[in-house]
Amino acid sequence: MKAKKIYGGFEVFRAPFFAAVFLLLLVTATASATEGPAVMIVDYNVEPEALMPGDTGTITLVIKNPSIKTESLETGAIIGEFGISQQTLKTGDVSGTSTQGKSAEIETIRLSSRGSGIEWTSEGFQRTEYDNIGALGPGESIKISIPIKAAEYARDGTYHPEVCIEVENGENVRFPVSVKVDSSEVEILEMDVHPEISLSESKQIGLVVANNRPNPVNGVNVQVKTKTDELESTPVRIFVGGLGAYEKSEVSFTLTPLSAGDKDISFDVIYKNGDNVHHNDLESSISVKSIADVKLILLNAPEFVYKGEVAKIEFDVANGMAKDIKAVSVIQEVDNGSGGVRVLPSERFIGDIDAGDAYSASFELYSDDLGVGDTEIPFKLVFRDLDTDKRYEIPGYDLQIEVKEPQESELPIYLLIVALLVIIVVVAGLVWVKRKRRR
């Protein structure tokens with residue numbers, strides 16, 4: 001039979017009472033023994049995934065208070081001589097709760113890089129730590145972003161700066177995070193770039209944009225840089241968008257030369273690694289030659305002209321292309337008043353020329369105001385593409401003509417003939433008269 005004692009007419013069983021007290025003390029002791037650090041870093045993320053030397057980024061931390069609320073076993077209240085209840089205590093009959101967790105007061109969050117090349121970004125008097133973050137209740141978490149920067153001198157590799165969290169009412173935390181530095185770039189590579197282009201045609205060139213980085217990049221643009229009076233590009237800029245790690249994309253431009261000669265051309269790729277803007281160039285050159293199938297051919301021109309005479313000049317314009325051309329003109333390049341050269345007309349408009357056809361163009365050179373000696377008279381050929389309406393200009397022909405002084409001291413040939421005939425008639429008349437007298 002269980003021991004019992006009577007208090008004020010009520011029976012209280014001693015054995016169950018002491019068992020309940022022991023159980024409550026055991027739960028409290030267990031909770032105290034299993035209590036861990038006040039806060040923990042349960043997750044983090046670095047953006048961008050890999051920084052280039054000089055890049056800025058962020059480390060985003062998830063900080064959590066790991067303590068939780070728990071409920072004790074339920075039991076009937078133990079009263080009697082303790083003044084709690086006037087019921088018989090039975091083991092296992094419990095009611096009421098107790099809280100195990102507590103709030104964590106975070107004082108400071110800072111980054112300890114120890115000269116590793118990754119540091120807290122600071123400009124001027126900007127702080128390099130967070131103060132008085134506040135309290136985290138049991139089970140609560142908070143996200144904190146730390147601004148970081150990779151030093152310009154940082155070498156490729158993985159760095160491990162430490163996040164230091166000071167807690168007022170608990171154990172401090174030191175947590176290393178991994179930050180990658182990679183100097184690989186996004187490059188432009190030639191895929192289909194023609195070394196030579198005809199002056200009268202457009203050529204499509206192909207390029208490859210390659211992301212050599214171990215992380216994605218965004219905002220990728222490719223643009224063409226050239227002198228506007230030498231080459232025309234369609235389009236000028238192409239938006240690629242995002243490129244994944246080690247991904248590539250092909251782009252193409254159409255180039256139209258506006259003049260002959262060697263032309264420098266560059267392609268520029270602009271991209272963002274996180275919020276950091278970078279660019280890379282590709283330098284190239286294209287030789288534009290007058291190998292176009294539209295030609296200006298000289299048919300007739302004198303080697304020399306006496307000053308004051310008019311010389312006739314004749315050309316043929318031949319279209320050897322596989323398509324028609326329009327608005328064809330042959331133009332004398334020197335202004336009428338420049339150097340005393342006067343060519344009429346100064347421009348001979350031909351119009352459309354079908355593929356494989358040829359048309360003539362004639363000019364007259366007036367030498368009144370030309371100086372004695374060699375004279376150069378350049379002509380050029382201008383036309384438009386029938387499909388694209390693009391204008392082409394081809395240096396056609398540089399005509400060389402010698403201008404001589406007029407032969408004023410010499411009589412014209414017909415006067416010499418007349419004088420010779422007169423002399424012959426006179427001599428013949430004298431001979432006839434002399435013979436007649438002898439008879």
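The legends below describe close-up views of a predicted model. Local features need pLDDT of at least 70 and side-chain atom pairs count only at pLDDT 80 or more, while totals for chains, interfaces and linings use all residues. Residues are numbered from 1 along each chain as its sequence is written, and side-chain values use heavy atoms, with hydrogens and water left out.

**View 1. A negative surface patch formed by D262, D264, D281 and E283.** Strand 21 (261–273) and strand 22 (276–289) are the elements that give two or more residues to this patch. Strands are DSSP runs of E with at least two residues, numbered from the N terminus. D262 lies in strand 21 and is exposed, with a relative accessible area of 64%. Exposed means over 50% relative accessible area, buried means under 20%, and partly exposed is in between (1.4 Å probe, protein chains only). A patch takes residues with over 30% relative accessible area and no salt bridge, and joins like charges within 9 Å. Asp and Glu count as negative, and the place of the charge is taken as CG of Asp or CD of Glu. Accessible areas come from the Shrake-Rupley method.

**View 2. The aromatic pair of W120 and Y130.** The structure holds nine aromatic pairs. Rings of Phe, Tyr and Trp (its six-membered ring) pair if their centres lie within 6.5 Å; planes under 30 degrees apart count as stacked, over 60 as edge-to-face and the rest as tilted. W120 and Y130 are edge-to-face, at 5.0 Å centre to centre with 70 degrees between the planes. W120 belongs to strand 7 (residues 118–120) and Y130 to strand 8 (residues 129–136), so the pair ties together parts that are ten residues apart in sequence. Both W120 and Y130 are buried.

**View 3. An aromatic cluster of F315, F363, F379 and Y397.** These four residues form one cluster.

**View 4. The salt bridge between D389 and K326.** A salt bridge is a side-chain nitrogen of Lys or Arg within 4 Å of a carboxyl oxygen of Asp or Glu; a search of the whole structure finds seven. In the bridge between D389 and K326, the closest N and O atoms are 3.2 Å apart. The pair links distant parts of the chain, 63 residues apart: D389 is in the loop between strand 30 (373–385) and strand 31 (391–404), and K326 is in strand 26 (residues 325–332). D389 is partly exposed, with a relative accessible area of 38%, and K326 is also partly exposed, at 23%.

**View 5. A salt-bridge network of K380, R391 and E393.** R391 is partly exposed at 39% relative accessibility, and E393 is partly exposed with a relative accessible area of 26%.

**View 6. The salt bridge between K312 and E314.** The two side chains meet at 3.8 Å, N to O. K312 is partly exposed, with a relative accessible area of 46%, and E314 is partly exposed, with 27%.

**View 7. E187 and V208.** E187 is found in strand 14 (residues 186–192) and is partly exposed, with a relative accessible area of 34%. E187 and V208 are 21 residues apart in sequence, and their C-alpha atoms are 8.1 Å apart in space.

How values were computed. Patch = residues over 30% accessible without salt bridge, like charges linked within 9 Å, V, L, I, M, F, W, Y side chains within 5 Å. Areas by Shrake-Rupley, 256 points an atom, 1.4 Å probe, with all protein chains shown as cover. Helix = DSSP H or I, 4+ residues; strand = E, 2+ residues; numbered from the N terminus.
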